[in-house]
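Have the model open as you read.

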Amino acid sequence: MNLSSLPSLFRSSITTLLHYSRQKDLRHGKAVHAHITKTGSSSSLHVSNTLVSFYLKCGDFPTAHLIFEATPNKDVVSFNNLINACSHHHQHSSLVMRLFRRMRAENTSPNSHTFAGVFTAASSEASDVFGGRQVHAVVIKDVRSFDVFVGSCLVNMYCKMGLVGDARKVFDRMSERNSVSWATMISGYAMQRMAGEAVEVFGLMRRSEENEGENEFVLTSVVSALAVRESVDTGKQIHCVAVKNGLMSFVSVGNALVTMYGKCGSLDDALRTFELSGDKNSITWSAMICGFGQSGDSHKALDLFRDMHFSGIMPSQYTFVGVINACGDIGALREGQQVHSFLLKMGFEGQVYIMSALVDMYAKCGRVADARNGFEYIKEPDVVLWTSMIGGYVQNGEYEAALGLYCRMHKEGIMPNKLTMASVLKACSNLSSFEQGKQIHARTIKYGFSLEVPIGSALSTMYAKCGNLEDGNLVFRRMPVRDVVAWNGIISGLSQNGRGTEALDLFEEMRLGETKPDYVTFVNVLSACSHMGFVERGWIYFKVMYDEFGIAPRVEHYACMVDVLSRAGRLDEAKHFIESATIDHGIYLWRVLLSACRNYRNYELGAYAGEKLIELGTSESSTYVLLASIYTSLGRREDVEQVRRMMNLRGVSKEPGCSWIELKSQVHVFVVHDEMHPHIENIYAEIRRLIKHMKDEGYQPSSITF
């Protein structure tokens, strides 16, 4: 603005307003405004524009808008003031496009500042792709306004809309680029997790004649694109570039490198970079804490959080999310509650993503009621919070509650994501609720979810667990990529439904592919061997587990091998296997042997196994009942009475049996001595008929009662 050509009164008013704008002194600026109104200076377009700019910088948008509307013969500066201010405030960004259209309708020609503001506003509203493209077309027609500044803003708009292909076309056609242009394009690829393309553009920049030298913005952009283990070597090369160019003094560069090493699983490098960072802020600490947590070293994450607290650095919401997740991963309820109290003290309890982490943590620690309290605290939970709560119910075996909450989510019109549907399908699997599972399958199709992981895995497992192996296999075969969960689900389904040979054939197919089995896979495989009586194959798979795949046998695998031997009648061999086991198996293996001894009427060995269980202090009522039954068969009445006394002494009571069946989309639940079902009389009549039929066939019920 050339002030020399203006009358002295106008120059004085404008100079004073500019001074108060820089100070954001609203009170004194209003006094100047009153003086301008009194002297009639507001009739000047330059003065009006300066007033609009002053109020916008002081955050008084309504007054600025009133002055703008009252200004006659607006010029490009008048519109640019309002457009650029609105573009940086999301609540006003929708006004930008209306202002731009009005500007053109009033025959005011836009300039580069206008276009930059419009593109910035369009990038903050990803839904306004059409409006952004329209303005892009106007820029192409007005070649004079297309400079490096406008081009960078246009690239940024397309990147934030996720249209990196369009962004790259604009970028490649720019006649001039600066460091902002390069950093924006690299950052766009990074946001879409396109690490290869981001590194490629970084390489082009370094070879380019217009290279102004790598700065901290370019370095942080390219480093943020590297987030997988395979990228760590590239990350190290870029780290060297940062050291060579003296950019390690910038905190943002150090933070980006710590984050990159953590995401790539190179914790030693992350920790070394963290320790060498001279000026650590909350982002630096958060990056290292999250790195430990995501790599499974949650104890170190908690130790580092303690060090952060003692160093006087105040944690951010991202720090709290990382620490809460670490507490959940190791079931550290006490520490999680302490962190919860700390974030309440700091006023973070209203953050949805923090509450999602808290819900997940309490659910993983078995405190479902506390998780639900956290869920209900947020008035408008987002899909992540809904998913955390539904997943928490599933993790703790409260499948009916999970389905109930999903129904409420559906009624409230919340669009689920893939993880939500996977958790709901898992609930249907564990309830063997086939009809509801089919309905959820239909919903996944309606929502447009494909058979990729985790939907495909959950679906194939659901069908297999519900006994519909044909549909389970159909889903499994149609999955574009199968993870270990999908393989485990279908192998388990075949094994549990009497098709053990097919289960083992499928495992052999898995061995030939790229998916590596985990410990659950071998539980399913050994279970299939048990059901089919394949003792020798069971031994082979038990040894292959460690020799070929490096999976150390767990209690579950030992229990399966005991079951393999026991079902084949090789009870003495099973006993020797238990006694030679090198792991702490507690009561699990003896319990399997006890049940087998009862079935094979090897009462002496059964008594030995039962006495071992009693000696180990088992609290399971079934063990006492089985042992008493074996003593009865051996004629040892005194020992039967001793078992009863032992149960009373230890406070062991026989839990009532419970079963359920789904008929016509309704689940019927039955408990021993149930009198609540509306058709209970007819049910008991049928039970009495069946008992009579069984006795007529020669069945003799046990005389042991507890």
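What covers the buried residues of α24 includes α22 (368-377), α23 (383-395), α25 (418-431) and α26 (434-446); contact here means heavy atoms within 4.5 Å. Helices are DSSP runs of H or I, at least four residues long, numbered from the N terminus. This is a predicted model, where local features need pLDDT of at least 70, side-chain atom pairs count only at pLDDT 80 or more, and totals for chains, interfaces and linings use all residues. Residues are numbered from 1 along each chain as its sequence is written, and side-chain values use heavy atoms, with hydrogens and water left out.

Here's who sits where, with buried meaning under 20% relative accessible area, exposed over 50%, and partly exposed in between (1.4 Å probe, protein chains only).

| Helix | Buried | Exposed, on the other side |
|---|---|---|
| α24 | Tyr-399, Ala-402, Leu-403, Leu-405, Tyr-406, Met-409 | Glu-400, Lys-411 |
| α22 | Val-368, Ala-371, Gly-374, Phe-375 | Ala-369, Asn-373 |

The buried residues of α22 fall within an arc of 120 degrees seen down its axis, so they line one face of the helix. That arc is taken from the directions from the helix axis to the C-beta atoms. Cover for this buried set includes α21 (352-364), α23 and α24.

Note on methods:
Helix = DSSP H or I, 4+ residues; strand = E, 2+ residues; numbered from the N terminus.
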